[in-house]
Amino acid sequence: MVLHLLSGSQAEFKYVDRPELLPVKPEQRTVGTVGYTLMILSMTITTSIFFLGWLSQMLGLSLVQTLVAATIGNLVVAAVMTLNGYVGVKYGIPFPIQLRYTFGYKGSIIPLLVRVIVSLFWYGVDGFIASWAITEMAMLVAGVPVKVIMAEGLKYTPITFVLYLLFVWGVGMKKIRGIKILDSISGPLLLIFFAWFVWYLTLQFPGKAVPMWAGKVGWLSSNFFLAVAVQTAWWGTIALNVSDICRYNKSTKSLYVGHIVGLVLPQIFGTYLGFVATYLTGGTNSPIDIIAKYSPTAALGIFGLLFATLATGSTNVTGDVPAAANGIIRLVKTSWGKAVTAATFIAWLVIGPYSIVYWAKSLDVAYYLLDFNWYYSMWLGPIAGVMVVDYWVFRRGRIVLPELYNPEGIYKYSGGFSLVGLASFAAGILGEYVISALQGTLAWYFGFIPVPKIELAWYYGFIIAALTHLILGFAAKDYVLPELRYVVTRTVKDYTGRVAQAVGNALKHITLNWG
């Protein structure tokens with residue numbers, strides 16, 4: 001009885017949300033372990049992943065330190081993705097709905113808005129990088145000299161940026177079907193090509209030894225922790241809204257394989273390839289420029305840039321479009337098509353207009369936006385901490401599914417807001433500021449926006465928010481777990497109904513026999 005009430009059936013739903021936000025029906029869950037692993041693999045393998053190896057060199061890390069940082073950061077992300085994704089597979093719900101039992105029916109809008117904003121920025125950043133690859137690929141096809149491509153490629157990128165966004169928009173309109181088709185050809189091809197390309201570079205620079213152990217910084221240095229934090233923040237976004245993707249999965253077992261094989265291993269390998277490639281070529285060129293400049297033939301350079309474009313497009317479609325579109329649908333109650341269109345237009349606004357006027361500096365804007373997204377992870381860690389503790393410690397993997405769609409249901413809490421969930425989230429943010437202030441590392445954006453410039457902001461926020469939620473949750477357990485009242489109420493109603501039905505049948509029997 002309890003399990004039935006906590007799961008819910010289709011007949012019990014009060015459909016007040018857009019159809020796109022309703023639970024995925026069992027017959028619609030067609031993605032298996034292999035398909036999901038390929039989906040995550042193609043999301044992971046994007047052109048920007050190879051920048052991580054270059055960043056580690058700038059921080060003074062050795063190759064071994066770089067790989068250890070990548071392992072730690074991505075194992076943490078994979079763990080959070082699995083814990084949050086379990087909800088999506090089990091109940092078939094998207095991220096905007098998943099937030100309701102933790103933060104309240106209305107309160108869920110606050111963390112949702114945080115995730116939507118960061119996904120829109122990533123949509124624009126990854127899109128611009130892909131467009132850059134398209135531009136250089138087209139110029140190689142046209143026979144333009146490599147020196148001219150390196151000097152003026154960005155001049156034409158605003159045009160390819162529009163074309164690329166139209167391509168992603170078209171794929172995104174097909175929802176998960178478009179994602180599956182794109183995933184099957186993009187990420188693996190780029191990884192294979194770049195692995196071969198790095199091997200080719202090692203043959204071109206035989207006397208240049210990659211620093212394996214001899215790093216310029218220590219294992220407990222701030223730069224090493226910064227490398228760990230960057231690896232964590234890279235996919236700390238998708239760790240929140242992974243349910244948008246995996247709710248189409250057939251089984252929760254696909255999460256374990258998909259996140260290890262599809263995320264952790266290729267992320268580590270991609271970081272390794274980026275480290276070696278950028279070190280061998282002097283550390284001054286981007287992965288895109290390296291492909292265009294050092295490919296043995298123009299044809300191979302064209303293919304490499306094509307794979308880079310498709311892989312980045314897969315990341316946009318898999319990681320950014322679902323998060324942005326589902327969030328917009330929840331916020332303004334529009335259709336999937338209109339939400340994807342709005343997200344694509346906003347992604348263009350992120351960098352498009354500026355890149356037209358100041359094309360020579362447009363790459364600087366892309367790097368600035370990447371930096372912005374790194375600092376933005378300070379908001380994502382606390383959300384993840386509250387979500388994990390709330391579902392696995394307090395609810396122990398069970399929720400009342402129909403009530404998630406009922407504005408006046410048990411997840412209304414206090415006027416639609418869970419004071420405990422939101423207070424825990426706020427505590428995580430506040431804790432980051434306090435730690436940064438004590439360390440004297442507060443930075444200021446635009447001269448008046450304070451940002452806690454601490455290496456492990458995501459981790460501090462996650463831990464503080466999780467501990468706060470544990471304390472407040474146990475202190476106000478009846479408030480945090482409205483399911484307990486729901487089960488008791490439904491059980492009493494069912495028992496009363498059965499008694500009334502039995503009495504009615506007895507009276508009917510007496511009337512028929514003695515009347």
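Author: Let's start with handedness: a crossing is right-handed if the near helix is turned clockwise from the far one by less than a right angle, and left-handed if anticlockwise. By that rule, α9 passes α18 in a right-handed crossing. Keep in mind that this is a predicted model.

Reader: OK, but what makes α9 and α18 roughly antiparallel to each other?

Author: Their axes cross at roughly 165°. Anything over 145 degrees counts as roughly antiparallel, so α9 (residues 157-172) and α18 (residues 336-357) get that label. The axes come within 10 Å.

Reader: Which residues of α9 and α18 make the contact?

Author: From α9 you have Pro158, Phe161, Val162, Leu165, Trp169 and Gly172. The α18 side includes Trp336, Val340, Trp348 and Ile351.

Reader: What makes α11 oblique to α16?

Author: Here the axes cross at roughly 60°. The perpendicular range starts at 65 degrees and the parallel one ends under 35, so α11 is oblique to α16. The crossing of α11 over α16 is left-handed. Phe193, Phe194, Phe197, Tyr200 and Leu201 in α11 meet a group in α16 made up of Pro287, Ile290, Ile291 and Tyr294.

Reader: How do you know that the span of α15 is close to the one expected?

Author: α15 (residues 253-280) has 28 residues and reaches 40 Å from its first C-alpha to its last. At 1.5 Å a residue you'd expect 40 Å, so the two values are close.

Reader: Where does α15 bend?

Author: At His259, by about 30°. Just past the end of α15, Gly282 has a positive phi of about 100°.

Reader: And how do you know that β1 and β2 pair?

Author: Count the bridges: pairing takes at least two, and four join β1 (residues 442-445) to β2 (residues 449-452), so they qualify. The strands run antiparallel, with Ala443 opposite Val451. They form a hairpin with three residues between them, and Phe446 in the turn has a positive phi of about 55°.

Notes
Residues are numbered from 1 along each chain as its sequence is written. This is a predicted model: local features need pLDDT of at least 70, side-chain atom pairs count only at pLDDT 80 or more; totals for chains, interfaces and linings use all residues. Side-chain values use heavy atoms; hydrogens and water are left out. Helices (H or I, at least four residues) and strands (E, at least two) are DSSP runs, numbered from the N terminus. The bend at a residue is the angle between axes fitted to the seven residues ending there and the seven starting there. Axes are lines fitted to C-alpha atoms, for helices over the stretch in contact, and angles run from 0 to 180 degrees between N-to-C directions. Angles under 35 degrees count as roughly parallel, over 145 as roughly antiparallel, 65 to 115 as roughly perpendicular and the rest as oblique. Contact means heavy atoms within 4.5 Å.
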